[in-house]
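Reader: Before we go through the assignments, please show me the model. I will then ask how each label was reached.

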Amino acid sequence: MAEEKKAGLFEKGGKLYWLHSTIDAFDTFLRVPGTVTAKGAHVRDAIDLKRVMIMVVVALVPAALFGMYNVGYQTALATGASWGFWKMFFYGLLKVLPLYIVSYLVGLGIEFASSQIRGEEVNEGYLVTGFLIPLIVPVDVPLWMLALAVAFAVIFGKEVFGGTGMNIWNPALLTRAFLFFSYPSSMSGSDVWVHIPKDMAPTDAFTGATPLAIAGDGGVGALDAAGYSFMDLFWGLIPGSVGETSVIAILIGAVIILWSGVASWKIMLSSIAGALLVGWFGQLAGSGIPAYYHLVMGGFLFGTVFMATDPVTSAQTETGKWIYGFLVGALAVVVRLWNPGYAEGMMLAILLMNTFAPLIDHCVVSASISRRAKKMKTA
Amino acid sequence: MSNNIDLKKGLDIPIKGAAAQKVVRTVIPEVVAIKPTDFKGLIPRLLVKEGDKVLAGSPVLADKQNPDILFTSPVSGTVKEIVRGDKRKLLAVLVETDSEQKKVDFGAKDADSLTKEEVKDLLLKSGLWGALIQRPYGVMADPSAEPKAIFVSSFSTAPLAPDTDFTLAGKAEYIQAGITALTKLTDGGVHLCINKATEAKSMFAKMDKAIIHGVSGKHPAGNVGVQISHISPIRKGEIVWTISPLFVAAIGQLVQTGKLDLLRKVAITGPAADDPAYVETLPGAPVKSLTASYEGVRYIGGDILTGEIIGKDGYLGFFQDQICLISEGTEREILGWAKPFRMNLHSSSKCYFSWLAPKKLYDMNTNLHGGPRAFVETKCFEDVTPMDIFPIYLIKACLAGDIDKMEKYGIYEVLPEDLALCDYVDPSKNDIQDIISKGIDLMIKEMA
């Protein structure tokens, strides 16, 4: 009885109808809707978008947990503090948690409001976006900047196009791009990647520079001199954005989303191929960085696995995915090697290819149509 | 065998309730319904009034555009009621069955010696013309059209579909005569697709005068539309006809005996059916006379992917040889999507763990398992569509009502049934068949 009354309140004509999208969102979050099929196939697969999105979040958990530990580890390393494993982890957790709170509060708030305006159900796309954003920013990014960036990305990157599924650019990367171009001093350089508490001073040996920046300046020799071996980069106890550093944690996530079929292995593989090819050319041209180093430095792998494969903003045709992925990888390394302004090229490469993904698909589909037309003529 | 078609893409939906290979009873119903709504494109003209006497094979309806196409009663009896819906739309003609069945005699003939005109005439008069479906668009065949070929899929891969080698057992001679008669209607021959998995013991493999193709693969490999797209895709301006083996046999029987006999084995299937098996009956039989009555159960005429909700007070359709019973899934599952395991539900996606139990059959219901969303994951459509088309682009063209693009993306080659699995696998819960169907309706309207 009480439930009926509550339902009436939020139904059309009810006093609180303006809140119905929000109520529906929580309601369907807790209980699968009792909707039955009305048209078409009478039975449906158990899969829904909530499940698809939660698989990506699960895949991101190893990178997030490692990122939290690494935040504490880098602080301890920089200040010479002798902390244990759990102390490092909880220190990082406390640093990263506010990023999550801001990301979800601002993002979901806007998402709920715009669903309400459109009168639609709240889409679960932001579950993933909100989880990604704290992992691709430096730990020291001011929270108000993050809030502003999230608001920009969600409103102008997604809602104006009609919400999840309609957007052109990956919203998480738009957040990062907004920060990067609006507040470059908080997003690049050597001072943002490692959190140094006010009451502690860094040791003399501390530089704060990311391996990517070091390699960009002096090649693999400079990396060795700074004490970063290939395996250090692989394990990921290095300065960088929160979730991007550990290759091993990202690979665990990659296995999860590839196995569950949420992400395309074609995009991942071709992106890696593109990076290796351009990296190899770069090496021939005297970049001083072996091609395979590009795979483990900076945000390349994180972007390849979690951002380039976004099913909405990537190419949708299977052939298109090969082309799209290859160009993402290739462009990222081109920016890294031949653009003195930016140490990292992955964000720009993916956003640029997001823009061109529909064009790639258009070409693939047109080619297929003319092939079909020829086949039909001769058939 | 002349041709082999091996299809890699597709999906067999593992649902419980396959019919056991036995006929539990034969039902000559007290009332049958002749439903003009069974035939796409038919504008019916009523030829009888309440109280008229009819024989099995007597005309009841005609097509207004093609008055030669007649629709006949499957039984002899008295017209009991003309059922109309909104705006007096004709929904059904109910015929009360006589205790003794009399049939119109169309004259027994030898299939080989028939001419094209004779075959056409016989089909039009007997009411079997309606069994011919014309592509593109899946409408009733136009008697004045020249089809480039006629296609018959001898088997169905749809969920819980009846096994044609069982339902048509003993009718091999009729099927052969039916094929022979059909060859007269086209210069392009009759293409017969057989299931490679059961080829050795299938009577269809032994048919003469047809061009035989062996097909293997998961559903929709048995869909005639998928087979056509691999044998001889439909170009703009071309027409093909298709017909199900059930009616090939009926045509053969009509030719050889001169009588219309639509008695067929209907599979009563589905997880909600107590004892899934076959019942022998006539099209138009009341569902109530064929199955037990259950509460909270959906009665589907046809299979779970493409069937029509006929309800327990409804009547078996002209084309239907399956009634599938599934529970209405109105119950709300707590935290459904978030549970790591939901072993009682099937998913073709590896986001759940049904891949761990590949042989398991599921007690499925009609729950949507989620809310409608914009398209996000679209590769799943390609994985279940073994045709040379891009399903998502065709779907979007239909949504946009863009005739030019629909043409380019292959609207001539598909019927909603060929993309039925897209309905099933879509995580965004769109009604793909409905979208395609509306696209086809638009094509018919614009191209007429």
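Reader: Why is S18(B) called largely enclosed by the rest of the structure?

Author: This is a predicted model, in which local features need pLDDT of at least 70, side-chain atom pairs count only at pLDDT 80 or more, and totals for chains, interfaces and linings use all residues. Residues are numbered from 1 along each chain as its sequence is written, while chains are lettered from A and ligands numbered from 1 in the order in which they are written. A residue is buried if 20 or more other C-beta atoms, placed from the backbone, lie within 10 Å of its own. Five of the five residues of S18(B) are buried, so the strand is largely enclosed.

Reader: Which residues cover each face of S18(B)?

Author: Val297(B), Tyr299(B) and Gly301(B) lie on one side, Arg298(B) and Ile300(B) on the other, and all are buried.

Reader: What makes S18(B) and S20(B) a pair?

Author: Strands are DSSP runs of E with at least two residues, helices are runs of H or I with at least four, and both are numbered from the N terminus. Two strands pair if DSSP finds at least two bridges between them. S18(B) and S20(B) have five bridges, in the antiparallel sense, and therefore meet the criterion. One example is Tyr299(B), whose bridge partner in S20(B) is Leu325(B).

Reader: How many bridges join S18(B) to S19(B)?

Author: Two, and the strands run antiparallel. Ile300(B) has Ile309(B) as its bridge partner in S19(B). The two strands form a hairpin with six residues between them, and Gly302(B) in the turn has a positive phi of about 105°.

Reader: Why is one side of S2 and of S19 of chain B left without a neighbour in the sheet?

Author: The open sheet has six strands in the order S2-S17-S16-S20-S18-S19 (chain B), with mixed pairing. Strand S2 (23-26) and strand S19 (308-309) of chain B stand at the edges with a single partner strand each, so one side of each has no neighbour in the sheet.

Reader: How many residues of chain B are in contact with chain A?

Author: Two residues are in contact if their C-beta atoms, placed from the backbone, lie within 7 Å. By that test, 60 residues of chain B are in contact with 46 residues of chain A. H10(B) gives the most to the chain B side, with four residues.

Methods. A residue is buried if 20 or more other C-beta atoms lie within 10 Å of its own, exposed if 12 or fewer, and partly exposed in between; C-beta atoms are placed from the backbone.
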